[in-house]
Amino acid sequence: MTERKSKMLPLSELTLLDRFLFDAAMEDKDFHKSVLQIILGKEITFLTKNETEKELRVSPLLRSIRMDVYAMDEDGIIYNSEMQKQLKYDLPKRSRYYQGMLDSSLLEPGSIRFNLLNDSYIIIITPYDVFGLGKYRYTFRARCDEELSCILPDGAVRIFLNTRGKNREEVGDELAWFLEYAEKTDEETVRKSGSEVLRRIHEHICKLKASEEMGVRYMQAWEEKVKEREEGLKEGIFRTKRVLKLAAEGKKKEEIAEMCGITVEEVAEILE
């Protein structure tokens with residue numbers, strides 16, 4: 001473990017790109033509503049549900065997902081907002097998996113009325129450009145290849161936000177300033193923006209950072225994270241030793257993968 005990875009930043013130095021602060025801030029319905037209105041550029045009705053780190057699992061045999069921030073408004077529209085600070089190359093496919101898991105959780109077992117599926121937004125915020133086109137916001141809806149103006153009316157929207165976009169004139173100042181604030185989370189950005197909404201957002205962030213209770217929660221979350229990392233390291237060492245032992249016994253990669261509960265690719269990576 002490198003010093004950079006193991007270093008714990010003070011709560012006062014966290015930005016909205018840090019998942020702990022993002023989740024803590026979005027627990028407040030008014031804060032969450034303001035952020036959604038900036039991102040979507042429209043009025044959001046009152047949020048009737050608002051949860052952080054919501055876990056979804058449709059089967060004990062399938063991989064579960066943990067949503068950063070999950071909400072539902074009065075119109076039954078679902079919002080799943082994710083903060084992804086670390087560079088991930090699988091975000092498009094990850095968003096697809098999230099969409100499938102989310103949809104699977106919305107209907108009662110045995111339901112045959114698929115039109116009961118809620119409309120949904122999956123929103124992923126990153127400090128890097130997933131698609132490399134210099135945009136602050138990339139909005140995806142299913143379209144017909146033969147007629148691009150024909151959008152599939154399935155109610156599913158996926159949005160990728162890039163804090164370092166360059167098309168401010170296309171998205172408007174408020175979203176551009178918010179995304180800059182997400183990365184810097186400082187008074188200077190708020191002052192430059194002149195936005196009252198951003199001012200209220202910043203005031204809430206300052207209260208959280210000054211809260212003794214939030215400081216305790218942050219310390220506990222960090223300790224849990226370190227413990228999980230240490231346990232993961234131990235499991236990784238144990239798995240590696242077992243793979244090498246089985247390989248030394250002449251087992252094939254496919255056999256090793258099945259016996260260790262991992263993929264053939266993971267076996268190959270360990271052996272290399």
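Begin by selecting Gln-84, which is found in the loop between strand E3 (78-83) and helix H4 (91-104). Helices (H or I, at least four residues) and strands (E, at least two) are DSSP runs, numbered from the N terminus. The model is a predicted one, in which local features need pLDDT of at least 70 and side-chain atom pairs count only at pLDDT 80 or more, while totals for chains, interfaces and linings use all residues. Residues are numbered from 1 along each chain as its sequence is written, and side-chain values use heavy atoms, with hydrogens and water left out.

Is Gln-84 buried or exposed? Gln-84 has a relative accessible area of 8%, so it is buried. Here buried means under 20% relative accessible area, exposed over 50%, and partly exposed in between (1.4 Å probe, protein chains only). Now display the residues that Gln-84 touches: Arg-19, Leu-91, Arg-94, Ile-124, Ile-125, Thr-126, Pro-127 and Tyr-128, not counting residues up to four places away in sequence. Contact means heavy atoms within 4.5 Å.

Next, select Phe-20 and Tyr-218. They belong to the six aromatic pairs that a search of the whole structure finds. The ring centres of Phe-20 and Tyr-218 are 5.1 Å apart and the planes stand at 45°, so the pair is tilted. (Rings of Phe, Tyr and Trp, the last by its six-membered ring, pair if their centres lie within 6.5 Å; planes under 30 degrees apart count as stacked, over 60 as edge-to-face and the rest as tilted.) Because Phe-20 lies in helix H2 (residues 19-26) and Tyr-218 in helix H9, the pair ties together parts that are 198 residues apart in sequence. Both residues, Phe-20 and Tyr-218, are buried.

For a second tilted pair, select Phe-131 and Phe-140, with 5.1 Å centre to centre and 50° between the planes. Phe-131 is partly exposed, at a relative accessible area of 30%, and Phe-140 is also partly exposed, at 37%.

Move on to helix H6 (residues 173-184). Its twelve residues reach 16 Å from the first C-alpha to the last, close to the 16 Å expected at 1.5 Å a residue; the expected span is 1.5 Å times one less than the number of residues. Which residues of H6 are buried? They are Leu-175, Ala-176, Trp-177, Phe-178, Leu-179, Glu-180, Tyr-181 and Ala-182. Just after H6, Thr-185 takes a positive phi of about 45°.

Now show H9 together with helix H11 (residues 264-271). The axes of the two come within 10 Å and cross at roughly 85°, which makes H9 roughly perpendicular to H11. Axes are lines fitted to C-alpha atoms, for helices over the stretch in contact, and angles run from 0 to 180 degrees between N-to-C directions. Angles under 35 degrees count as roughly parallel, over 145 as roughly antiparallel, 65 to 115 as roughly perpendicular and the rest as oblique. Select Thr-240, Val-243, Leu-244 and Ala-247 of H9 with Val-267, Ile-270 and Leu-271 of H11 to see the contact.

Finally, select Gly-250, in the loop between helix H9 (212-248) and helix H10 (253-260). Gly-250 is exposed, with a relative accessible area of 56%.
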